[in-house]
Amino acid sequence: MRAFRSLLLVVAALSPAACSSLNQGVLDGGAGDAPDAASLDGGDVVDAPAVDAIDAPAVDAIDAPSVDVVDASVMDAIDAPSVDVVDASVMDVVDAPAADVVDVPRVDAVADCGADVLSCSGACVSNPSTDPLNCGRCGNICSLPHVVTPVCSAGACVPGACATGFDNCDGMAANGCEVALSTNPSHCGRCGSACPTRTNAVPSCAAGACGVTCMSGFGDCDASAENGCETVTSNNLLHCGACRNACPTRSNSAPLCSFGVCRNACNAGFGDCDGNLANGCEASLSTDPEHCGSCTRSCGGATGCAAGACVEIPTPRAVAPLSTSTVTSQSPTLRWINGPGATGAVIHLANNPLFSGESTIAVPNGNNLFLNSLSAGQWYWFAQGVSGTASNTGARTPPVWQFIVGNRSATVDRSFGTASDFNRNGYGDVVIAAPEAATSTSTSPASTGRARLYLGIASGLSASTLLQGGGAETGGTAISHYGRAVATGGDTNGDGFPELLISGEDTTTGHVFVHHGNVVGFASTPSRVLHGDAGATSFGRSISSAGDVNGDGYADIIVGGTGRAYLFHGTADGIVTTPSALLDGVPDEDFGYAVSSAGDVNGDGFGDVLVGAPTFGSSTGRFYLYLGSAGGIIRAPNVTQSGRFASGRFGASLASAGDINGDGYADVVIGAPDVNSQGGEVTIYLGGGVRVLLTSSPITLAGPVMQGRLGAAVAGVGDVDADGFGDVVVGAPGNNNLPGSAYLIRGASAPSPAATAIPLDPSATPPGMGGRFGAAVSGIGDANRDGFMDFVVGAPCAPAGSGCGAGRVFHFRGAATPPTRYFEVLSSADAAGSNFGAATSR
């Protein structure tokens, strides 16, 4: 520095002329040759013209490591006293190797800016101690983060007013208002206000208020910061992955939350085979042939899946409508049970037993089919097993079922009754008994009674199978009064054919013989024999189909005795031989003298039954109605109805009337043959759904002939005139002084309380006085397939003369104009008194 000061003194000693010459030659860049440029320790090279040598002693190199290099090209002339011109030719180069380059603002030469005033760019500026634009030095503008108004104090920038939401919490000027009070959990809302640490959470600050940021797998589901993130969301069904994200329950599964994601926990036997969470566990691993046992196992064609194993596709079992029954709707519903490995069925439907022109309807997944608007007549169907898809079917060998569609469609879709079509060929058949006929069997010559099957054909009824007591039909046992009661038992084993029931007795008890129907009618050897209790010879004095009292698809039967009625259930093997239910009454009331199916009077899909007690209350008589249910017959009677007249024997005969008013509910008909000095009376009660039987408004028909005994026999015979309403035939066999009579009562939508009867005329082949025309009546279905239902009337003592004849049966064919004359007469070759026609199947 001392050397630099000496140099300044030399320059100051120069004369004004010399300075002028210096200004002109050096600073102005005048003409003249210049020596080599002087290197000023990193400074700019000064290009100057040659000057005259100054006589001066040599100057040693100046040691000025801190001197800033002045750029003469931009520096203005310095106004200073005159100095001598330095002889550059002899002047040593200034060596300043250690000098640092200092960046300073341009400073104009000024005379004096005064105390505490800074000269910047040739102008005097305000006090650098307080000027925020030149704080402490020229151009030093105060600008700090998040500071609204910068402040210069003592030549240094310091924070002034902080921007809204910010503050200088560390007290340092250099970083301004460094804290965002709205989001900083260490200074939340104000400096030093630190947010506390909560359970399973990291402190957070939002809008200047403390909160929590939950750790992964936890949630603040109660919205209370005090307890932090109290809820585990990784496995919580109500808060899965997030608060209030509840896992739904889906098909065949339980909800599951796993690692914060809702999933399905499939129920046993089901799988989520399509990977779609929304439809749950859609595949039945027990029954689905495409996913049998697991999602990845397919059984392939012609096989099904049962219990998770691939099996042959079984044949479905038909359930309803019962074979040979009548449906109340022209759009009936078919129902069946799928066997193990089957998921549905292909239904084959036709209006003929050969299935010509059949329709096939696939129900790949289901067990019922609604049929739309079938024409009146007989229809046949069977179900072929399906597994998964309609093309994957089992064998086409199931039993064929038959049902009858009427000419009117009720709103209630039910079925009841049974047609006597034993060989299921579409033609109605009938079995006629002669219970007093002497048999000719060598094994039991003491037996009495025969029964013959007559098959329906286009031309009439054709005699066929003959049954008789004491032979193979009764196991060689001597049977008396074989055929005292005969009935169509319905399809008790589900093979599509109705059974024949026929009763008799031996010396110790009564018996009911059950013959299964088949393609030729029925086998002569019974498939089952039902026995009464020891000494109960009256067992079987009345027998009837009960319909399907428990809805299992098998017809059941009811057998009357003295003081008791017996219910036997059908099964796949046929009728069980042990009673399924016992209905007990009072023996002195002759409870069980008459039994019958009632049809389905309340429309619940279960068969109901009737039991008569004609000697109740000094032979006033009464009947009982028992309802069916899924558990079988309900043992307490639903309706108990007594007769109106003493000694009338109300309930001595009873039957289902079919549906006489077309409302879809079965109606019942009750006979009181000894009313009004044995003129007799018949009463019809309408089925009524919830009200069961409308006992307060019956339809009555009084016997027109004294001692005619109207109501000794009653039967619903189907729709004789094809008007869509069921019809009823009632018998009045009279006494030995009368030939007997029978009447047709036509159904109607609003039957009159006083029924109108159409007399049936047997006079072309007169039964004779005491011929007992009307002792038995029954419907036999459509014997010639003309669309009208036929019926028969028995005259077991015709032709009567001096005594009871062998017996006759009169066949009446249905027609649009109800018949009054018979179509044909069936007779027996048995001896007089055989009582041929005393019982006919119904």
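Contact here means heavy atoms within 4.5 Å. The model is predicted.

**Stop one: Arg813**

Select Arg813, in the loop between β54 (808–812) and β55 (824–827). Show its surroundings, leaving aside neighbours within four places in sequence. Arg813 is then in contact with Ile457, Ala458, Ser459, Gly460, Asn784, Asp790, Pro819 and Phe823. Which backbone oxygen does the side chain of Arg813 reach? That of Ala458, at 2.8 Å. Now look for an opposite charge. Arg813 is buried yet has no salt bridge. The nearest side chain of opposite charge is Asp790, 4.7 Å away. A salt bridge would need a side-chain nitrogen of Arg within 4 Å of a carboxyl oxygen.

**Stop two: the four-stranded sheet**

Select β48 through β51. They form an open sheet in the order β48-β49-β50-β51, with antiparallel pairing. Which strands stand at the edges? They are β48 (713–718) and β51 (757–759). Each has a single partner strand, so one side of each lacks a neighbour in the sheet. On average, neighbouring strands of this sheet are turned by 30° against each other, direction ignored.

Zoom in on β48 and β49 (residues 727–732). Five bridges join this antiparallel pair. Pick Gly716 and find its bridge partner in β49, Val728.

**Stop three: β38 and β39**

Move to β38 (residues 564–568) and β39, an antiparallel pair with four bridges. Select Leu567; its bridge partner in β39 is Ala581.

Finish by colouring β39 (residues 581–584) by face. Ala581 and Leu583 make up the covered face. Leu582 and Asp584 make up the uncovered one. In a regular strand, side chains alternate between the two faces of the sheet.

Technical notes
Residues are numbered from 1 along each chain as its sequence is written. This is a predicted model: local features need pLDDT of at least 70, side-chain atom pairs count only at pLDDT 80 or more; totals for chains, interfaces and linings use all residues. Side-chain values use heavy atoms; hydrogens and water are left out. Two strands pair if DSSP finds at least two bridges between them. Helices (H or I, at least four residues) and strands (E, at least two) are DSSP runs, numbered from the N terminus. Axes are lines fitted to C-alpha atoms, for helices over the stretch in contact, and angles run from 0 to 180 degrees between N-to-C directions. Buried means under 20% relative accessible area, exposed over 50%, partly exposed in between (1.4 Å probe, protein chains only). Lys and Arg count as positive and Asp and Glu as negative; His and the chain ends are not counted. A polar contact is a pair of N or O atoms within 3.5 Å; within protein, one must be able to donate a hydrogen and the other to accept it, and residues adjacent in sequence count only if both atoms are side-chain atoms.
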